[in-house]
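My entries below keep to what I looked up.

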Amino acid sequence: MHGFVSSDGDVTLLLRRWSDGDAGALDPLFSLVYPRLRHIAGALFRGESASNLLQPTGVVNELFLKLAEQRRLQFNDREHFFSLGSVLMRRILVDAARAERRDKRDGGIRIPLDPELAGTSVGPSADVLDIDRALEELELIDARKTRMVELRLFLGATAEETADLLNMSKATVDRDLRFARAWLIERLAGGAPAG
Amino acid sequence: MDKHASDDASHWAELQRLFHRCDGLDATAIEAVLANEVADVALRERVRALLRSAESVTPDPAFATPDASAGEAAGFSPVSIGPYRLIEKLGSGGVGTVYLVERVLAETKVRAALKVLAPHAVDASFVERFHREQRLLASLDHPNITRLFDAGTTEDGQPYIVMEYVDGLPIDRYCDERKLDIESRVRLFLTVCDAVSAAHRGLIVHLDLKPSNVLVSKSGIVKLLDFGTSKWTQANGESTATLVATPAFASPEQLLNRPVSTASDVYGLGATLYKLLCGRAPFGNTSGVVRMEKALRGLEPESLARAAAADAPPRGNRAARRAQQELRGDLSTILDACLRNDPRERYGSAEALRDDLERYLSHQPIKARPQTSVYRLRKFIDRHRLALVVAVLVVAVSGASLAEAWVGQARALREADRAVRMQHFMHRLFRMANPDYTAKPVATVAEFLRAGVRNLPAYIQNPADLRTAMLGLAESMYASGDTDDARATLHHVLAMSQGSAAIGNRVEAEIYLAVIDFDRNEVAAGRALSAQAFRLAHAYPVSARVRILTDVYYAFNEDNNGFIKPGNLALLRKSAHEAIADHLPRNDQDLALHDYASDASMQGHVVTATRIFSLLRERYRGDPLALCDRANVDGWLAWIDNQSGHITESLPLFREAYDGYVQCQGPASAQALNEVPYWGDALIRAGRAADAVKLLEGTLPTWRRALGDKSDQVEILYYLSRAYSAVGRYRDAQPLAEEFLKSLRSRLAPGSRMFGLGQMALAEALVGEKCYAAARPYAVRAVRILAKPVRTAYGLHVEHEAQAILRGAATTAAVSPGCPS
């Protein structure tokens with residue numbers, strides 16, 4: 001906790017830089033925020049089932065609070081903020097999945113590809129590490145769609161909220177997500193081995 | 001990046017264009033597009049692969065969703081635990097798995113619920129929480145809180161507790177399945193408040209109150225479950241929540257990790273009641289993070305009043321409309337007071353909330369609202385109307401010279417009588433000016449009426465006659481849809497109606513203004529006006545006509561807007577008899593009969609309603625100026641039959657209503673077009689889907705020209721979509737359902753019932769096209785929305801349809817190759 005508090009100024013600065021489009025700010029930002037977030041996301045590392053994991057409120061909560069306390073959080077910056085939250089969530093999940101995989105023979109954390117159908121046992125899900133790899137590829141081709149997928153899959157935002165955050169129409173988001181989903185499934189299932 | 005991905009990068013825009021271009025086409029069409037537009041063979045194959053993936057549900061065994069409790073299934077599938085024999089698994093949540101168990105005690109079999117901590121959750125904090133639950137439950141002994149029987153550890157060291165088994169439904173589902181009305185829901189909820197109060201008295205907070213934690217057994221007994229996240233509250237203070245409860249129902253302080261208290265449960269109670277009353281959680285379908293962000297920004301949920309307004313039910317489902325109105329008043333205020341962000345601004349305790357709900361049920365002023373004298377007075381008047389009328393009379397009369405007032409009244413009554421005859425002549429005149437659609441357009445009539453108002457003073461010198469004539473004009477303006485002009489004219493009449501001699505005109509102006517207010521949904525203003533008119537009409541010697549009309553308008557508007565009192569229907573019945581006995585002008589008699597019948601129908605007195613409407617129908621027969629009125633009555637009779645399940649009988653009436661409106665207003669009129677969808681619906685339900693298609697399809701072009709999807713009347717899109725699906729024309733059904741949804745988007749909240757209907761229609765079409773994957777999210781949402789409080793048999797019928805479609809969408813049968821997005 002102390003570490004986090006003492007570096008709040010840096011966090012804010014880095015968040016600004018990242019919001020302004022400086023992708024290089026993400027790594028130092030992550031390493032500053034991560035220890036605290038990892039603590040909050042403790043349940044992830046104890047290997048609870050994926051459906052319980054996808055409640056990233058604790059993690060995002062911490063970010064919001066730290067920034068809001070300093071009155072630096074402008075809520076007109078929502079898109080960047082939520083995007084950062086989803087990126088962090090993704091890293092945390094990936095990290096947890098790696099730890100899991102070291103411990104167990106058939107570990108891995110699966111997350112549903114259609115958040116709205118989570119729990120109905122009809123929607124596909126995929127290993128978070130595979131999704132991460134596929135998203136790395138998607139990022140190189142289409143960063144916008146990657147953000148969209150991250151918001152949906154890692155932050156659990158609804159399609160309406162995603163559209164709202166990215167300032168796009170719901171129809172466009174639906175359309176883009178449909179394409180992105182097909183692309184991801186194809187990459188994960190049939191496509192040549194990644195990397 | 002691998003080869004595929006880098007190839008994709010070079011064709012990215014083209015790949016997306018082709019994907020969307022082909023998405024939804026059948027295999028042949030896709031091949032045609034690819035052959036025409038793509039030279040690159042590899043790119044063609046990429047498009048095909050992506051289209052296949054888009055439709056995939058479980059494309060690879062690796063994608064099979066693991067059972068939510070896979071870890072448990074692998075390591076732990078017991079037959080018995082301790083002395084308990086497992087009967088079935090009831091469910092599993094974040095903390096553990098719950099089983100239905102049985103134990104033989106003194107030769108009696110005892111059933112109980114056994115909750116065991118899932119093995120993957122072995123952690124100090126969980127065990128601690130578990131033990132806390134044990135202690136808490138043991139200390140609570142209340143008939144509405146599940147009792148703890150036993151606790152122990154399984155052979156492999158998992159702690160478990162055994163508690164009372166409740167065979168019941170979550171309270172929201174219970175209310176919906178029993179089709180409980182609002183009052184019964186509130187009454188049932190009082191018990192929940194009682195249980196929470198009892199726990200609070202024992203210094204225990206629940207912190208996860210939500211409908212699924214409140215079960216109701218078949219015999220109607222309420223049981224609160226899951227004190228698992230509860231914690232001891234210190235007698236002197238507040239403590240910090242460490243665990244975020246269900247975000248949709250959690251208080252802002254829980255979401256923000258701030259100190260929790262009993263006020264957090266008041267929030268949970270409010271959120272639960274909100275769900276019971278309007279079918280969705282206060283913030284609707286939001287994700288946890290956005291909900292949290294809203295909490296941090298201090299946003300409060302949409303008030304129940306607004307949420308209810310967004311849920312306009314189709315057509316004149318007046319029962320539903322009435323329910324909506326009920327949600328706009330005190331209940332909305334009570335919920336606002338539960339759901340404030342600042343815990344200090346909420347009710348101080350569950351008991352205070354309960355007391356206010358009780359006050360609401362017994363029509364006493366609630367405490368949640370700042371107690372302004374006007375509000376108190378209104379509630380007081382509601383309860384002591386008769387006594388008050390006398391009081392107002394005394395106050396009003398003592399201010400003026402009694403003798404003078406009486407003389408004035410007598411003269412005014414004579415004049416009014418003359419004026420009334422003139423008014424009715426004018427009324428006839430104006431209606432003749434616009435008897436059917438072949439005459440000049442309505443705009444001319446409006447101008448005509450405005451000119452009348454301007455010129456009247458030049459022709460009529462007697463002030464009473466002038467006022468009465470202007471009232472006649474205002475009424476005609478209103479009848480021809482010119483509400484703003486009618487309003488201005490009525491205010492003008494009010495301004496001219498100073499003094500006791502003009503009371504009759506004043507009362508009449510007020511009741512028409514009240515009607516306009518109700519039309520504009522300004523319920524409070526409308527009620528105030530009609531109540532005032534009612535008081536005046538009974539405090540002063542106005543003409544019989546004015547008094548009867550005032551009674552009719554007052555009683556009908558009260559009931560029609562959800563402020564139902566048994567006396568209102570009786571008053572309408574009395575007024576209808578008086579209107580005929582006193583030989584009121586014909587159209588006033590008809591109005592009294594019509595409102596009596598409508599109210600009877602709303603109150604479920606189907607036989608009376610049918611009798612009076614049939615009588616009205618006879619009265620209108622042969623009157624060429626009453627075509628619209630007759631069509632309206634036919635529409636009502638059809639609607640009553642339809643709602644009572646007499647589908648076949650309703651069909652000819654729908655036709656008559658439609659034909660009548662076509663004659664009096666034209667085929668492109670809103671009224672005529674309004675009958676078509678419901679007529680079509682009746683045809684579908686009568687098993688004549690092909691005829692429904694013919695009717696609705698035939699009307700669609702007219703509708704598009706005259707109203708279109710920018711209007712409020714878009715039901716035709718929905719019913720035609722359903723009709724197409726009913727005859728297997730799914731490909732035609734789909735775009736209509738989509739259009740219906742699109743047109744709703746600008747007007748209604750996404751959780752509205754109409755959206756649910758639209759999603760259902762779309763899912764039905766997609767299932768028909770074997771596009772199960774595409775259908776599924778719509779079907780899921782449709783069921784979610786349509787499972788809301790439903791008060792009619794028809795509503796339940798729709799919900800069951802939606803569930804059947806969802807089951808259809810869950811099939812894993814082979815999908816059609818060319819499914820749309």
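Entry one, the strands. I am working with a predicted model, and I began in chain B, where strand β7 (residues 168–170) is joined by three bridges to strand β9 (residues 214–217), the two running antiparallel. Looking along this pair, I found B:Gly168 opposite B:Ser217, while B:Leu169 has B:Val216 as its bridge partner.

Entry two, the hairpin. I then followed β9(B) to strand β10 (residues 222–224) of chain B, to which three bridges join it, again in an antiparallel run; here B:Val216 stands opposite B:Val222. Four residues lie between the strands of this hairpin, and B:Gly220 takes a positive phi near 85 degrees.

Entry three, the sheet. Which order do the strands take? I noted β7-β9-β10 (chain B), an open sheet of three strands with antiparallel pairing. Because β7 and β10 of chain B each have a single partner strand, they stand at the edges, and one side of each has no neighbour in the sheet. On average, neighbouring strands are turned by 35 degrees against each other, direction ignored. I also saw that helix α8 (residues 182–201) of chain B packs on the sheet, touching β9 and β10 of chain B, and that its direction makes about 35 degrees with that of β10(B).

Leaving out residues up to four places away in sequence, I listed the contacts of B:Ala763, including B:Ala775, B:Tyr778 and B:Ile805.

Note on methods. Residues numbered from 1 in each chain as written. Chains lettered and ligands numbered in written order. Predicted model: local features only at pLDDT ≥ 70, side-chain atom pairs only at ≥ 80, totals over all residues. Contact = placed C-beta atoms within 7 Å. Pairing = 2+ DSSP bridges. Axes fitted to C-alpha atoms, helices over the stretch in contact; angles between N-to-C directions.
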